[in-house]
Amino acid sequence: MNTFDNIVAPATGTGGAITILRISGPAALEIGNRIWSGKTPLEPASARMMKLGRVGIDSALAVCMPGPGSYTGDDVVELHCHGGAAVAEQALKLALDAGCRMAEPGEFTFRAFVNGKLDLTQAEAVADVVSAGSDLALKVAERQLAGALGEELDQIYWTINEFRAECESRLDFPEEELDWDSALPEKMERVSDALKRLLATRQIGSTLRDGVDLVLAGRPNAGKSSLLNLLLGYERAIVSPVPGTTRDTVEAETVLRGIPVRITDTAGLRDSSDPVERLGVERSRRSIAAAHLTIWLLDAAADDLEAEITEFTLHAPVDNRIAVWNKIDLASERNLPEIPGGALRISVKNRENIDSLLDAVAERTVHSARPAEPPVAVNARAADELEKAVDAVADAKTHSTEGMFEIAAARLRDALQAVGAITGKNVEPDVLDQIFSRFCIGK
Ligand SMILES: Nc1nc2c(ncn2[C@@H]2O[C@H](COP(=O)(O)OP(=O)(O)OP(=O)(O)O)[C@@H](O)[C@H]2O)c(=O)[nH]1
Ligand SMILES: [Mg+2]
């Protein structure tokens, strides 16, 4: 990727009512006018005005956004054509023939980053906004896009830079009585706390960005498919009183308490002589092993409660599970066996205690029954750099209190490198490639 080519890409998916073609680069206006024609040409004087004209044989709206006030910082032209593969292909071909090259994934946002329109945390937030799987995830992404994380990290960066200057001044003038900032160790501690607070948002960051894999497991007939349908709010899986109804895993996505969740309903677990059912059970076990969290349903109305307990004891995951007695409506008088770690009591049929179950899911995934919107939530890349920064500042504090300013200054430079890598002040080209290659074409 560079910033001097003229690049083009469809910014909309196929199958929609309109196709938007985006052109960015030093000659965007000239190229735009070559492939689009209207009563008057696209020109800076008519910036951000939609004009009706034609692209090839199709009528199309066009708008120009001269740099540096555009998204990318370059001159940008957008052509709004009719939807459909043939129209998109025609417009794209004309743009390529007129001197554009096809944009790589994320290249428009890459230009915005290189042209100083966004820092790297904001560029990453653009991808987060596009892929946000819940309202909560979207709010966090929007806040990061507005600069919340970048601004906080910038403050930290410049504070660490002051510490570095302070330590280096001791090296340059070792004999002189300098006005040494005696509060420096305490100030370093405060910066370290701020870094750790950001680092602590790693889990909610990954949960909101990547979602949670939740598996519904248990013996046949426990009510797993009924619970899946209830959580989704529509009839996704077949429910019947016949044990062994679900034979294959059934997957669906939803949002629970603001958390994007992929739910897998599984075949009931039991020893079976039916080879197809056995294959299903095998799949169930694999899903349970790969899940972030398993809701294990026990049938409170089962004839054989012993079998429910045995299956649970032998096969439920040890840590990441929530044990639940279902069909409590049929068993209010029944003395249910104790479950190690306790079990919730619900009735899917009567929607009883479903809120407590959702509380438990949220508790187990983001440590809060009613997750609120966190001010920031860092991604894995930022968290790795924050870890390095925390270590480096801790070392710098120790060395500076021992009078070893050279090492302290070196470790502060490491901390600056780490914090700067998050915002993109100093970042390796291959890291940039990795980040932007995950974007979609046209973004
Ligand atoms: N009374 C009562 N019946 C329930 C409840 N939940 C599910 N059922 C019934 O139990 C039967 C089995 O429900 P399913 O959801 O198919 O159970 P499953 O765990 O998916 O069963 P398999 O797919 O066979 O493993 C159905 O007749 C449901 O209507 C409940 O809370 N109370
Ligand atoms: Mg089922």
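Which of the 23 residues around ligand 1 come nearest? In this predicted model, the answer is G223, S225, T246, G268 and K349. The shell around ligand 1 divides by class into eleven polar, eight nonpolar and four charged residues. Its largest share, three residues, is supplied by helix α9, which covers residues 224–232.

## Domains

Let us step back to the whole chain. The domain assignment gives domain 1 as 7–117, domain 2 as 122–201 + 378–437, and domain 3 as 217–366. Taken over C-alpha atoms, the centres of domain 2 and domain 3 are separated by 44 Å. Five residues from domain 2 and four residues from domain 3 take part in the contact between these domains. On the side of domain 2 that touches domain 3, two residues are nonpolar, two are polar and one is charged.

## Helix pairs

Two packed helices are described by the angle between their axes and the distance between the axes, so the table lists both values for each pair.

| Helix pair | Residues | Axis distance | Angle |
|---|---|---|---|
| α4 and α5 | 120–131 and 135–145 | 8 Å | about 155 degrees |
| α7 and α13 | 184–199 and 380–401 | within 9 Å | roughly 165 degrees |
| α13 and α14 | α14: 405–423 | within 8 Å | roughly 165 degrees |

We can begin with α7 and α13. Their axes cross at roughly 165 degrees, which makes α7 roughly antiparallel to α13. The crossing in which α7 passes α13 is left-handed. From α7, the residues that meet α13 are L184, P185, M188, E189, V191, S192, L195, K196, L198 and L199. Their partners in α13 are A383, L386, E387, A389, V390, V393, A394, A396, K397, S400 and T401. By class, this contact holds 14 nonpolar, three polar and four charged residues.

Helix α13 also packs against α14. The axes of α13 and α14 cross at roughly 165 degrees, and the two helices are therefore roughly antiparallel to each other. Here, too, the crossing is left-handed. On the α13 side, the contact uses A382, E385, K388, A389, A392, V393, D395, A396, H399 and S400. These meet F405, I407, A408, R411, L412, D414, A415, A418, V419, A421 and I422 in α14. The classes here are 14 nonpolar, two polar and five charged residues. Looking at both contacts of α13, you will find A389, V393, A396 and S400 in the list that meets α7 and again in the list that meets α14.

The remaining pair is α4 and α5. These helices pack at an angle of about 155 degrees, and they are therefore roughly antiparallel to each other. Helix α4 passes α5 in a left-handed crossing. The contact is formed by T121, Q122, A125, V126, D128 and V129 of α4, together with L138, A141, E142, Q144 and L145 of α5. Six of the contact residues are nonpolar, three are polar and two are charged.

## Backbone details

Two places in the loops deserve a look as well. Where does the cis peptide bond lie? It joins G67 and P68, with omega at about 0 degrees. P68 belongs to the loop that runs between β5 (58–65) and β6 (76–82).

The other place is R48. Although R48 is not a glycine, its phi is positive, at about 65 degrees. You will find R48 in the loop between β3 (36–38) and β4 (51–55).

Terms used:
Residues are numbered from 1 along each chain as its sequence is written. Chains are lettered from A and ligands numbered from 1 in the order in which they are written. This is a predicted model: local features need pLDDT of at least 70, side-chain atom pairs count only at pLDDT 80 or more; totals for chains, interfaces and linings use all residues. Axes are lines fitted to C-alpha atoms, for helices over the stretch in contact, and angles run from 0 to 180 degrees between N-to-C directions. Helices (H or I, at least four residues) and strands (E, at least two) are DSSP runs, numbered from the N terminus. Angles under 35 degrees count as roughly parallel, over 145 as roughly antiparallel, 65 to 115 as roughly perpendicular and the rest as oblique. A crossing is left-handed if the near helix is turned anticlockwise from the far one by less than a right angle, and right-handed if clockwise. Two residues are in contact if their C-beta atoms, placed from the backbone, lie within 7 Å. Ala, Val, Leu, Ile, Met, Phe, Trp, Tyr, Cys and Pro count as nonpolar, Asp, Glu, Lys and Arg as charged, and the others, Gly among them, as polar. A residue is near a molecule or strand if its C-beta atom, placed from the backbone, lies within 6 Å of it. Domain bounds come from an automatic or database domain assignment.
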